[in-house]
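Please read them with the sequence and the model at hand.

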Amino acid sequence: MADRIKEKLLGVWNSMDLFCKVSTVLCAVMILLLIVALCTGKRFAIFLSVLQLAGVVVAVLLHMGILKVKERWLKYLVLVCAALLIIPNVNVYFGTGNRTSNLHTTVSTQNTPITDEASSEVAAEVIVEEEDKEPAVVETNYTIEKGTEYAYMSDEWNVYIATAISDSIIQVENWGKSKASSKTVDYQYDVGTYKINDSENGFTWLDDEQTAFTITLQDSDNSRMKTAHSVTFTINISDSDRYKGSNWNDEIACYVYTNDNWHTYRAIPLTETLVKFETWSRTSTDDDFVYGYDLCVIDTGDGETDFEWTDEEHTSFTITMEDADNNSYWKDAVFVAFTLENEKYAFSDVQSYLASFIPGEDEAAMPKASYMYSNDDYQEVMEELAAAGFTNISTEPVYDIVVGLFASEGGVDSISVDGTTSFSEGEIFKKDAPIVITYHMDVEDDPNYESASESASDGSSEASESETSEAEDTSVSYSTNSKDTVKNGNSGVYAYKNGLNTLLSSSYYIIDFDEGYVYWIVTNDSSCDRVKIESGDLNDVLIITWHDGDDTWSEGLHFKWKNQPNHLIMQDQNGYEYDFYPTNLEDLLELRDSKTIIDR
């Protein structure tokens with residue numbers, strides 16, 4: 001078949017003239033570029049690819065005479081123009097240059113050092129230019145709190161995280177994502193380490209509260225940052241990978257303006273005067289808007305923009321703005337109004353939001369959000385909470401592990417802090433607030449497990465009667481063996497029920513050493529499978545081999561602990577283990593006899 005297809009395609013190709021062959025190759029390239037544009041959400045590239053394909057189609061129709069014109073050379077012109085559009089199409093993905101987006105006037109990237117007399121540590125000392133007008137050398141003595149993180153979003157794929165590793169050095173990392181619609185980013189690589197008092201990098205604080213700074217940054221692995229840029233980093237409020245780099249948070253006041261189906265703009269107050277503008281985008285009208293890139297940071301008090309609140313309640317503001325990177329929809333500066341997005345905000349700006357995470361003398365902050373502790377080792381969690389300053393910590397086991405696929409022994413199930421099981425990272429509580437860590441344990445570790453399994457194995461009145469009878473003589477309800485011989489696991493008949501507590505059906509094993517068969521029963525199935533015992537016993541391993549047409553596979557049955565028949569393990573051909581517990585033999589035999597037996 002492959003040879004026939006190849007031969008047919010070669011025949012079609014050889015029958016084409018040179019014009020059609022060139023058109024076919026160009027069409028294949030353009031379809032590939034269109035697929036790439038659709039996957040990356042580059043609307044301008046999509047437009048160019050569709051325009052190119054249309055040009056090739058028109059050229060072919062002219063060549064075939066379907067479209068009739070006098071000028072025969074016109075088809076060549078249309079084909080060449082379509083081919084030349086490949087250059088700007090490809091450049092969409094490799095364009096360089098600094099982002100020129102602004103709010104009608106220059107953004108707040110001032111390089112004047114802070115001169116707050118109350119904070120001499122961040123005051124800048126300027127060496128006056130010499131009379132020969134040589135370039136001035138600026139020496140600074142900035143400081144930064146160790147461990148503080150700042151972020152800059154260069155585009156919808158790249159976020160830069162600057163972390164203070166000392167009071168004068170920051171380390172910058174690149175974080176990225178695999179698709180434009182993603183809300184999370186992952187660490188990619190280290191960009192570099194910078195001394196903030198190095199005059200070469202142009203480091204400057206934008207405010208006394210140290211919520212934002214500018215610095216000259218270069219990243220040769222990012223097409224937008226191949227050359228050095230002066231960029232603005234703002235305080236990073238997200239320690240998780242979700243929305244990392246954005247200053248948006250539904251607890252902080254945020255103002256929104258949307259100008260088309262693909263972009264929305266969020267204005268987030270950093271302080272009483274600094275406002276950060278972010279561009280959010282989406283690749284489909286069915287998707288949510290996700291963060292894309294930092295547009296700018298402005299100072300509303302410096303008079304450099306026409307920013308103006310529309311009311312005393314600060315529910316909206318007006319400003320003249322533009323976005324050069326959204327030029328296909330936004331060609332000129334426009335006077336627009338931003339309206340409050342989240343009327344129930346708790347904090348008017350990022351600065352007050354961060355202040356809420358500074359604990360008082362008798363308070364402590366949660367090291368992680370509640371969901372981040374799921375299935376962590378409870379002892380390590382206890383140590384982490386104690387190190388954070390909490391003093392009233394207790395634990396409580398939950399004996400709920402049956403199969404062990406979804407929880408690990410000792411793994412945290414939930415954490416209750418002062419009565420609540422939902423808390424965010426950095427949330428503040430009293431140091432002596434009662435904390436209860438609930439963690440998973442195996443059901444057989446429950447001190448009441450043995451008696452519970454005896455009663456739970458059969459809810460019928462016959463089970464209770466069997467327990468009474470067992471005390472009076474040596475019989476057991478789940479086997480024809482006596483209380484003494486049932487431990488041997490090599491004779492008589494046994495009855496077991498699965499421990500998954502499924503709502504739709506239950507499954508059972510009848511292990512019949514007298515006849516040499518194992519019966520597999522499912523309650524909602526009209527048939528019952530019968531499999532021959534190959535070898536072994538339940539204290540070692542009992543092997544059964546299934547046959548289904550040409551397929552065969554083996555399973556093993558054994559007591560979980562030797563000489564303890566109250567817990568049976570079935571191990572399948574892949575090594576997975578499943579738990580079964582004793583059930584009333586008489587009832588199970590009656591259920592088996594009501595079904596059609598099929599030999600396997």
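**Notes on side-chain contacts and exposure**

1. At 55% relative accessibility, Asp593 counts as exposed. This is a predicted model. The partner of Asp593 in a salt bridge is Arg592, with 3.3 Å between the closest N and O atoms. Arg592, by contrast, counts as buried because its relative accessibility is 13%, and the limit for buried is under 20%.

2. Salt bridges that share partners also occur: Lys276, Glu278 and Asp294 are joined in this way into one network. Within it, the closest N and O atoms of Lys276 and Glu278 are 3.0 Å apart. Both Lys276 and Glu278 are buried.

3. Which side chain meets that of Arg530 in a salt bridge? The partner is Asp599, at 2.6 Å from N to O. The structure holds 11 salt bridges.

4. Turning to the rings, a search of the whole structure finds 35 aromatic pairs. One of them is formed by Phe317 and Phe338, which are stacked, with 5.0 Å from centre to centre and 10 degrees between the planes. Phe317 lies in strand E15 (residues 316-321) and Phe338 in strand E16 (residues 334-340), and the pair links distant parts of the chain, 21 residues apart. Both Phe317 and Phe338 are buried.

5. Tyr478 and Tyr496 form an aromatic pair that is tilted, with 6.3 Å between the centres and 50 degrees between the planes. Here too the pair links distant parts of the chain, 18 residues apart: Tyr478 is in the loop between strand E22 (475-476) and strand E23 (479-482), while Tyr496 is in strand E24 (residues 493-498). Tyr478 is buried at 7% relative accessible area, and Tyr496 is buried at 0%.

6. Ring pairs also build a cluster, which links Tyr142, Tyr150, Tyr152, Phe203, Trp205, Phe213 and Phe233.

7. Charged side chains are found over rings as well. Lys75 lies over the face of Phe19, 5.2 Å from the ring centre. The charged end of Lys532 is placed over the ring of Tyr517, at 5.6 Å from its centre.

8. Met1, Ile5 and Leu9 make a nonpolar surface patch of about 360 Å². Met1 lies in the segment before helix H1 (2-15) and is exposed, with a relative accessible area of 71%.

9. Most residues other than glycine have a negative phi. Asp418, however, has a positive phi near 55 degrees; Asp418 lies in the loop between strand E19 (412-417) and strand E20 (428-430) and counts as exposed at 51% relative accessibility. Asn563, which is not a glycine either, has a positive phi of about 65 degrees. Asn563 is in the loop between strand E29 (551-561) and strand E30 (564-571), and is partly exposed at 44% relative accessibility.

Definitions and conventions:
Residues numbered from 1 in each chain as written. Predicted model: local features only at pLDDT ≥ 70, side-chain atom pairs only at ≥ 80, totals over all residues. Heavy atoms only, no water. Phe/Tyr/Trp six-rings, centres within 6.5 Å; stacked < 30°, edge-to-face > 60°. Helix = DSSP H or I, 4+ residues; strand = E, 2+ residues; numbered from the N terminus. Buried < 20%, exposed > 50% of the residue type's maximum accessible area, 1.4 Å probe, protein only. Lys NZ or Arg CZ within 6 Å of the ring centre and 35° of its normal. Patch = residues over 30% accessible without salt bridge, like charges linked within 9 Å, V, L, I, M, F, W, Y side chains within 5 Å. Areas by Shrake-Rupley, 256 points an atom, 1.4 Å probe, with all protein chains shown as cover. Salt bridge = Lys/Arg side-chain N within 4 Å of Asp/Glu carboxyl O.
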